[in-house]
Amino acid sequence: MSSKPFVLAVVGPTASGKTSLGIELAKAYGGEIISADSMQIYKGMDIASAKPTAEEMQGIPHHLIGILERDTSFSAADYVKLANEKIRSVLGRGRLPIIVGGTGLYVDSLLNNVRFSEGGSDDNYRRELYESAEKNGSGSLHAMLSEIDPEAAASIHPNNLVRVIRALEVYHVTGRTFSELKAESRLEESPYDSLIIGLDYTDRQVLYSRINRRVDEMLSRGLVDEALALWLEHGRMKTAANAIGVKELFPYFEKKASLDECIDKIKQETRRYAKRQLTWFRKNERIKWIFLGEFDKKTEIYKKSEKCIANCRNV
């Protein structure tokens, strides 16, 4: 048995049930949740990012949720630093750290012990890139990145302007691609013994139906009002402006589209995001997948995960 501290992770696409399972595992194994969600880390985006409510948390401590102002840029390197601090803190209390979230880059970087090179910065060049994106669209910058660093371009969505620009900036400053620096950073062994549980559905339409229902629930909880407040400060937002469920409503506030059209767009983009999440996670051979059916209850899902844990490690 490994002498390294043990860390459990629950990953999967949006609306797959990660939050619920993470809480059940925390209750059973004396754990605390460390979020791995690139949008839940921001304040004031409770509904759009599907943050668990106090009632849903059931008294289980949750970390790295709602700690940043919305105009703050936040990278995978920042996440790894904060998450490692939280893991040490949780372990110090004799508790089990449970990483829960769908941002695959965060989970992989943390558990693979990625050491990000700072790569330097150039504020003027970064400003030029943002101005270029404003004029020519973010797709033009993604095309530029594809020429310089095809591997990085393949892993970064064209609409994720912050990450596209950062990859271009790293190359501009260092003369080396983001992918080269990332590959070098994987040489160090992880300090953790980890088990990653992945949630998916045998029928993709079941997942898509869950996504559509979640969007409807968000709307009933006040998503439009939350998105309006974010739209009014859009000029100050950086990474947070990319949140699905927020940016799709901007055309409604600008009187360029109906509310129904925007809602359909949210559902469509969320389904597409879930597909991209699954594509990312499928590349990780370490993930132990639990495939669920439409009528699996919370207790049944927990039992499947408990069996998975027992087969992999005696927690």
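In this predicted model, strand 5 and strand 6 run parallel to each other and are joined by five bridges. Within that pairing, Ile-197 has Lys-288 of strand 6 as its bridge partner.

Strand 2 (residues 31-35) is largely enclosed by the rest of the structure, because five of its five residues are buried. Gly-31, Ile-33 and Ser-35 point one way from the strand, Glu-32 and Ile-34 point the other way, and all are buried. On the strand 4 (residues 96-100) side, strand 2 pairs in the parallel sense over five bridges, and Ile-33 has Ile-98 as its bridge partner there. With strand 3 (residues 62-63), strand 2 forms a parallel pairing over two bridges, in which the bridge partner of Ile-33 is His-62.

Gly-198 belongs to strand 5 (residues 193-201). Its relative accessibility is 0%, and Gly-198 therefore counts as buried. Beyond its neighbours within four places in sequence, Gly-198 is in contact with Val-11, Ile-287, Lys-288, Trp-289 and Ile-290. One of these residues, Ile-287, lies 89 residues away along the chain, yet the C-alpha atoms of Gly-198 and Ile-287 are separated by 6.0 Å.

## Nonpolar cores

The largest nonpolar core has 45 residues, of which Ile-34, Tyr-79, Ile-99, Leu-110, Leu-111 and Leu-249 touch the most other members. Two or more residues are given to this core by each of strand 1 (6-11), helix 3 (76-92), helix 4 (104-111), helix 10, helix 11, helix 12 and helix 13. A second, separate core holds 29 residues, including Leu-21, Leu-25, Leu-96 and Leu-199.

Around Tyr-79, with neighbours within four places in sequence left aside, the contacts are Ile-34, Ser-35, Ala-36, Leu-64, Phe-74, Ile-99, Tyr-106 and Leu-110.

## Helix 11

Which residues of helix 11 (residues 223-232) are buried? They are Leu-223, Val-224, Glu-226, Ala-227 and Leu-230. Viewed down the helix axis, the buried residues fall within an arc of 160 degrees, so they line one face of helix 11. An α-helix has 3.6 residues a turn, so residues three or four places apart point the same way. The buried residues of helix 11 pack against helix 10 (204-221), helix 12 (250-253) and helix 13 (259-282). Exposed residues Asp-225 and Leu-232 are carried on the face of helix 11 turned away from the buried side.

## Loop residues and backbone angles

Thr-14 is located in the loop between strand 1 and helix 1 (18-29). At 13% relative accessibility, Thr-14 falls under the 20% limit and so counts as buried. Apart from neighbours within four places in sequence, Thr-14 is in contact with Leu-207, Ile-211, Arg-214, Thr-270, Tyr-273, Ala-274 and Gln-277.

Ala-15 also lies in the loop between strand 1 and helix 1. Most residues other than glycine have a negative phi. In Ala-15, however, phi is near 70 degrees, a positive value in a residue other than glycine. Lys-255, likewise not a glycine, has a positive phi of about 60 degrees and lies in the loop between helix 12 and helix 13. Ala-15 is buried, whereas Lys-255 is exposed.

## Accessibility and cysteines

The table collects relative accessible areas for individual residues.

| Residue | Relative accessible area | Class |
|---|---|---|
| Cys-262 | 2% | buried |
| Ala-15 | 5% | buried |
| Cys-308 | 11% | buried |
| Lys-255 | 76% | exposed |

How many disulfides does the structure hold? The number is zero. Cys-262 is buried at 2% relative accessible area, and Cys-308 is likewise buried, at 11% relative accessibility.

Technical notes
Residues are numbered from 1 along each chain as its sequence is written. This is a predicted model: local features need pLDDT of at least 70, side-chain atom pairs count only at pLDDT 80 or more; totals for chains, interfaces and linings use all residues. Side-chain values use heavy atoms; hydrogens and water are left out. A disulfide is a pair of cysteine sulfur atoms within 2.5 Å. Buried means under 20% relative accessible area, exposed over 50%, partly exposed in between (1.4 Å probe, protein chains only). Helices (H or I, at least four residues) and strands (E, at least two) are DSSP runs, numbered from the N terminus. Contact means heavy atoms within 4.5 Å. The arc is that of the directions from the helix axis to the C-beta atoms. A nonpolar core is a set of buried Ala, Val, Leu, Ile, Met, Phe, Trp, Tyr and Cys residues joined through side-chain atoms within 4.5 Å. Two strands pair if DSSP finds at least two bridges between them.
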